[in-house]
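Here are some notes for your first look at this structure. Please read each numbered point with the model open beside you.

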Amino acid sequence: MTRERIYLFDTTLRDGQQTPGVDFSVEDKIAISNLLDEFGLDYVEGGYPGANPTDTAFFSQKRTVKSKFVAFGMTKRAGISASNDPGLAVLLQAKSDATCFVAKSWDYHVRVALGCSNEENLESIRDSVEAARGAGKEALVDCEHFFDGYKANPEYALACAKTAYEAGARWVVLCDTNGGTQPGEIRAIVEAVIASGIPGTSLGIHAHDDTGQAVANSLAAIEAGCRQIQGTLNGIGERCGNANLVTIIATLALKDAYCSRFETAIDAERLTGLTRLSHAFDELLNRSPNHQAPYVGASAFATKAGIHASALLKDPRTYEHVTPESVGNLRKVMVSDQGGKSNFINALKRRGIEVGKDDPRLDQLISIVKEREATGYAYEGADASFELLARRTLGTIPEFFSVEGFRVMVERRFDSHGRIKIVSEAVVTLVVDGQTLMSVAEGDGPVNALDRALRKDFGKYQHEIDDLVLADFKVRILNGGTEAITRVLIESIDSTGVRWWTVGVSENIIDASFQALMDSVIYKLMKNRELAGKIAAE
């Protein structure tokens with residue numbers, strides 16, 4: 001049976017840029033467009049040339065090799081011709097393969113936002129599509145607020161879509177701009193659009209996640225006949241985000257309900273790079289990947305309960321809906337005080353540590369983990385610290401250095417202008433190869449000062465930790481009062497892009513932080529010598 005083609009349209013660089021806190025530079029956009037192009041998506045929408053200096057500069061040259069490079073913009077303004085509209089001229093002059101016009105398809109918006117007649121809006125859609133085709137561009141039309149518009153005035157919403165199609169638009173994209181439409185409504189309205197005369201092979205879906213159903217709505221549209229899906233990497237976008245293209249790609253490729261009927265540009269080999277793509281994008285955004293993201297999250301194939309781990313050892317299909325390798329992810333059996341021997345044996349084996357079920361050292365390790373977790377440690381979220389603990393208990397770890405002590409001072413004072421100034425300073429004394437090294441550093445806070453002082457002079461190991469970066473720092477107070485137990489979780493990354501997590505617990509937040517910092521540095525030195533397993537560093 002011949003499978004139908006689904007086309008994948010990425011709008012990370014345009015709609016994703018509406019995400020609060022996200023502001024792409026030209027360099028960012030070039031790097032991200034390269035990631036998308038290399039991965040093999042059909043369309044990469046780069047932004048809105050003419051709307052801001054960044055997008056105008058980005059479209060000064062074509063940025064993709066395989067993917068179609070798309071420029072986004074408004075249809076021509078009512079009352080002037082397409083040839084005299086300066087905004088349209090900038091759009092058509094952009095170095096793009098295709099032009100995506102956003103068009104009002106809700107008569108309420110035509111009246112209130114555009115201030116023109118319904119007929120003038122249809123004329124703008126038609127003339128803009130014809131102008132793009134005349135300029136040698138593939139034309140797409142995003143029918144903004146289409147589903148709300150259809151529910152308010154189905155005849156006019158359909159007229160907007162049909163005008164775009166009849167003018168020669170390759171894709172007419174139905175947009176759930178407010179993100180409130182339900183999957184059943186999406187399916188019924190798409191079927192009505194197809195029944196009106198626009199074939200599904202020319203229809204796309206653009207869903208927002210305001211009810212948490214953008215992926216479900218996108219798949220409902222595909223089932224109803226749409227053959228293009230628009231979305232963003234990791235679901236970024238304004239408000240609650242857009243349809244998560246990462247999740248959609250994996251679902252289309254791996255779920256029989258779709259892969260038996262449809263194919264995309266992402267074959268099985270490309271799919272194994274999905275986790276890497278998702279995490280590389282988060283790294284460009286300087287944010288920690290979502291551990292519970294479907295398919296690609298560090299916890300997507302993680303099992304904590306002992307009974308689940310035991311079954312996983314016998315057959316992974318007992319608790320996995322797809323294989324982690326299919327999307328470039330890893331299976332992960334977590335260790336905690338809820339876990340039995342099966343968890344520990346499996347976790348250790350995956351780190352290259354062989355231990356027999358009756359080995360007394362295994363019982364000792366389990367006892368230590370359960371005792372420590374009772375006092376506040378959480379090894380399920382700090383695999384690097386677990387691996388170091390396991391190796392110390394079951395074998396040995398090279399003694400790279402020792403710490404004689406540290407001191408942290410925080411001073412609150414007024415500067416010469418009478419403004420309050422907080423100064424944090426730390427002193428750390430290390431011994432490396434019998435040589436005592438004392439380092440002093442200031443920081444933006446006591447932990448930052450401690451981190452700087454700790455890593456300021458590591459003697460012969462200094463060059464090995466120069467690329468070590470603390471990506472995230474989390475503090476949790478485990479009980480109330482000023483004498484509360486504090487747990488610190490640190491996420492680290494190095495130039496290879498590998499991440500690992502370490503934990504420290506103490507009544508003193510500085511001491512807890514120092515424990516986690518020490519584990520991070522030791523793990524890095526172990527990793528450099530290939531003495532640490534890859535599972536901890538996912």
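1. The lining of the second largest pocket divides into eight nonpolar, six polar and seven charged residues. Here Ala, Val, Leu, Ile, Met, Phe, Trp, Tyr, Cys and Pro count as nonpolar, Asp, Glu, Lys and Arg as charged, and the others, Gly among them, as polar. This pocket holds about 360 Å³ of space. Its lining has 21 residues, and the closest to its centre are Arg14, Asp15, Phe72, Glu144 and Glu238. Strands β4 (68-74), β5 (98-104) and β6 (138-144) each supply at least two lining residues, and β5 gives the largest share, three residues.

2. A note on the source: this is a predicted model, in which local features need pLDDT of at least 70 and side-chain atom pairs count only at pLDDT 80 or more, while totals for chains, interfaces and linings use all residues. Residues are numbered from 1 along each chain as its sequence is written, and side-chain values use heavy atoms, with hydrogens and water left out.

3. Some terms come next. On a 1 Å grid over the protein atoms alone, a pocket is an open set of points with protein on both sides within 12 Å along at least five of seven lines, and a cavity is a set of points where a 1.4 Å probe fits but cannot get out; lining residues have an atom within 4 Å of a point. Grid points are joined across faces, edges and corners, and a volume is the space filled by probe spheres set on the points. Helices (H or I, at least four residues) and strands (E, at least two) are DSSP runs, numbered from the N terminus.

4. How many cavities of 30 Å³ or more does a search of the whole structure find? The search finds one. The largest cavity holds about 50 Å³ of space. Eleven residues line this cavity, and His279, Pro289, His291, Ala298 and Trp501 are the closest to its centre. By type, the lining has three nonpolar, five polar and three charged residues.

5. On the chain as a whole, the secondary structure comes to 20 helices and 18 strands. The C-alpha atoms fill a box of roughly 80 × 70 × 45 Å along the principal axes. Of the 538 residues, 53% are buried; buried means under 20% relative accessible area, exposed over 50%, and partly exposed in between (1.4 Å probe, protein chains only). Among contacts with a separation of 6 or more, 67% join residues 24 or more positions apart, where contact means heavy atoms within 4.5 Å.

6. In soluble globular proteins, nonpolar side chains tend to be buried together. A nonpolar core is a set of buried Ala, Val, Leu, Ile, Met, Phe, Trp, Tyr and Cys residues joined through side-chain atoms within 4.5 Å. The largest such core here has 81 residues, of which Phe146, Ile249 and Leu274 touch the most other members. Helix α7 (residues 154-167) gives the most to this core, seven residues. Apart from it lies another core, of 35 residues, including Ile397, Val428, Leu430 and Val447. Leaving aside neighbours within four places in sequence, Ile249 is in contact with Leu8, Phe39, Leu41, Ile266, Leu271 and Leu274.

7. Strands β13 (residues 402-414) and β14 (residues 420-432) pair in the antiparallel sense over twelve bridges; two strands pair if DSSP finds at least two bridges between them. Arg413 stands opposite Lys421 in β14. The two strands form a hairpin with five residues between them, and Gly418 in the turn has a positive phi of about 80 degrees.

8. Most residues other than glycine have a negative phi, and most peptide bonds are trans. His145, however, has a positive phi near 55 degrees. His145 is in the loop between β6 and α6 (146-152), and counts as buried because its relative accessibility is 7%. Tyr295 also has a positive phi, of about 70 degrees, and is not a glycine. Tyr295 is in the loop between α13 (274-284) and β11 (302-303).

9. The C-alpha atoms of Gly87 and Phe401 are 64 Å apart in space, and the two residues are 314 apart in sequence.
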